[in-house]
Amino acid sequence: MFDRCLYFNTAALSRMLERVWTQAFIPFGLSPPQAFLLRAVIAQPGQLQRELADALTITRPTATRLLDGLQQRELIERRSSGNDGRELEIHPTAAALAIANDLNRASAAVTRRLQKTLGERRFGDVVAQMRQVREMLG
């Protein structure tokens with residue numbers, strides 16, 4: 001019935017992937033959105049909240065909620081940017097840096113498993129096509 005429906009198929013795929021990534025990040029006590037946001041903070045410390053929201057294509061209020069959760073777990077800290085007292089830079093804590101390699105390994109393991117299931121070429125093609133569609137619709 002919905003074979004040709006972009007919404008239905010992407011939503012179904014999203015639910016399936018959410019389960020896979022949730023399992024991968026359980027050992028860290030993080031949801032997939034929290035884990036990806038933390039990985040972005042670790043990869044580039046000092047980004048502003050709006051920059052992180054834009055990079056992850058999430059709304060600023062969603063970024064705030066995710067960052068609040070990471071701050072409660074003492075994985076990030078917010079620091080004044082110096083340019084504008086209202087802007088805060090986001091930095092990883094020592095606790096975040098301590099789990100960074102394990103977090104990246106968990107993510108890489110999921111990616112490898114998906115590549116194995118789909119085949120590396122198809123995996124790469126699907127990701128590239130999804131990014132193109134996202135950019136075209138964005």
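## Close-up views of the predicted chain

**Surface of the chain.** The accessible surface of the chain comes to about 9,500 Å². Carbon and sulfur atoms hold 53% of that area. The model shown here is predicted. Of its 138 residues, 28% count as buried.

**Overall layout of the fold.** The chain has 6 helices and 3 strands. Read from the N terminus, the order is α-α-β-α-α-β-β-α-α. Along the principal axes, the C-alpha atoms fill a box of roughly 50 × 30 × 25 Å. Now take the contacts in the chain with a separation of 6 or more: 51% of them come from residues 24 or more positions apart.

**The largest nonpolar core.** This core has 21 residues. Leu30, Leu38, Leu70 and Ile76 have the most contacts inside it. Four helices each supply at least two of the core residues: α1 (6–25), α2 (32–43), α4 (60–72) and α5 (94–118). Helix α2 gives the largest share, 6 residues.

**Around Leu30.** Which residues are in contact with leucine 30, leaving aside its neighbours within four places in sequence? They are Phe25, Ala35, Leu38, Leu70, Arg73, Leu75 and Leu103. Two of these partners, Leu38 and Leu70, are also listed with Leu30 among the residues with the most contacts inside the core.

**Charged side chains.** The chain carries 19 positive side chains and 14 negative ones. The centres of the two sets lie 8 Å apart.

Note on methods
Residues are numbered from 1 along each chain as its sequence is written. This is a predicted model: local features need pLDDT of at least 70, side-chain atom pairs count only at pLDDT 80 or more; totals for chains, interfaces and linings use all residues. Side-chain values use heavy atoms; hydrogens and water are left out. Buried means under 20% relative accessible area, exposed over 50%, partly exposed in between (1.4 Å probe, protein chains only). Contact means heavy atoms within 4.5 Å. Accessible areas come from the Shrake-Rupley method with a 1.4 Å probe; for residues, only the protein chains shown count as cover. Lys and Arg count as positive and Asp and Glu as negative; His and the chain ends are not counted. The place of a charge is taken as NZ of Lys, CZ of Arg, CG of Asp or CD of Glu. A nonpolar core is a set of buried Ala, Val, Leu, Ile, Met, Phe, Trp, Tyr and Cys residues joined through side-chain atoms within 4.5 Å.
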